[in-house]
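Hi,

Here is the structure I promised to pass on.

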Amino acid sequence: MHAKMGKLQVCSCFFQSLLLVCFFQYCTTTLGQPAQAPALPAVAPAKPANAPASAPTPPGPPDVTKILQKAGGFTILIRLLKRTAVADQIKGQLNDTKNGFTLFAPNDAAFSNLKSGTLNSLSDEQKIRLIQFHTLPTYYSLANFQTVSNPLRTQAGDTNPGDYPLNVTSVGNQVNISTGLVNASVSGTVYSDNQLAVYQVDKVLLPLDIFVAKPPVPAPAPAPTKPKAKKKTAGSPESSTSATTTSTVVNSDAVRFTEQAVMVSVGVSVFVAALSML
C-alpha cells in the first residue's frame, strides 16, 4: 500500500514538473517577443501643386419673400405673393433670365387704405393679376425710370391700351406711378442688387382692367327685312287698274278692226260701181 502511494506521489511530481517546463517555454517564446506596432492611418495622396481650386457653389436667386420679411411691414403682400404663387414665378424667372425683375411693394398701411372688402371681392385670377401688375420683368434702377418709354410692360399683360398699362415718370429723385386709376409714389428702396429691385410704394396699384367695369359691347343691329309682297285681290285698286288697262287695250283693237272693215267695204262698192259704168 505504501509502495502504491509512493508511485502516485512520484507521478504527480512528474506531471507538475512537466507543466512547469511547458509554461516556462511558452513565456520565453511568446512574451519574450517585442509587441507589434499599431497600424498607421492611411495618408491621402497629396494634391499636385498646380491643381485648380474647386469653384465655390454659386448662390441661388434672391428670395423676395425673405427680403420683405426682413424689411418688415409687408405681411399682406407676402401672403398674396405666396397664395398666388407669384413669389415662385419671380424666383424661377430670376433663375432663367438675365433681364432681372422689379417689384413695387405696397406695405400694410397701403393695403389698409383700400376700401373695405376690396381684396375679398376679387377672384383668384384677379388676385394673381393684381400682384403681377406690381411686377416688371426687367430690372430698373431709380435712374432708369428717367428714360423709360411708357406704358411699361408688367407681368399682368402687355402694353396695348386696356391691357394693364402702367406709366412711370421720374422727376429728380421722385418716381411717380400712374395706373389710370391710382397715382402712387416710390417711398424707398427695400432691396437692389442689379438683378432684383424692390421699391416700396405708398399705394396699392389698382389696374383699370380689374376695378373699372368695361362698357358692354353693343349688340349688332338686326338685318333689314324685305317687305312681303301683297296678294292681289279682285277688289283692290291694282286689280281694277289692270282690268281697266286690259279693257282699254281690247276696245282699241276692236275700233281698229271696225275701221279696217269699213274701208274694205267702201273699196268694194267703188269697184262694183266702176264695173257697172262700163
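L181 sits in the loop that links strand 4 (174–178) and strand 5 (183–192); strands here are DSSP runs of E, at least two residues, and helices are runs of H or I, at least four, both numbered from the N terminus. With 40% relative accessibility, L181 is partly exposed, a label that lies between buried (under 20%) and exposed (over 50%), using a 1.4 Å probe and protein chains only. Together with L208 and V212, L181 makes a nonpolar surface patch of about 210 Å² accessible area (Shrake-Rupley, 1.4 Å probe, only the protein chains shown counting as cover; patch members have over 30% relative accessible area and no salt bridge, with nonpolar side chains joined within 5 Å and like charges within 9 Å).

A caveat: this is a predicted model, where local features need pLDDT of at least 70 and side-chain atom pairs 80 or more, while totals for chains, interfaces and linings use all residues. Residues are numbered from 1 along each chain as its sequence is written, and side-chain values use heavy atoms, without hydrogens or water.

On to charges: there is one salt bridge (a Lys or Arg side-chain nitrogen within 4 Å of an Asp or Glu carboxyl oxygen). The partners are R129 and E125, with their closest N and O atoms 3.1 Å apart. Both lie in helix 6 (residues 124–132), and because they are four residues apart, about one helical turn separates them. R129 is partly exposed at 27% relative accessibility, and E125 is partly exposed too, at 43%.

Cheers
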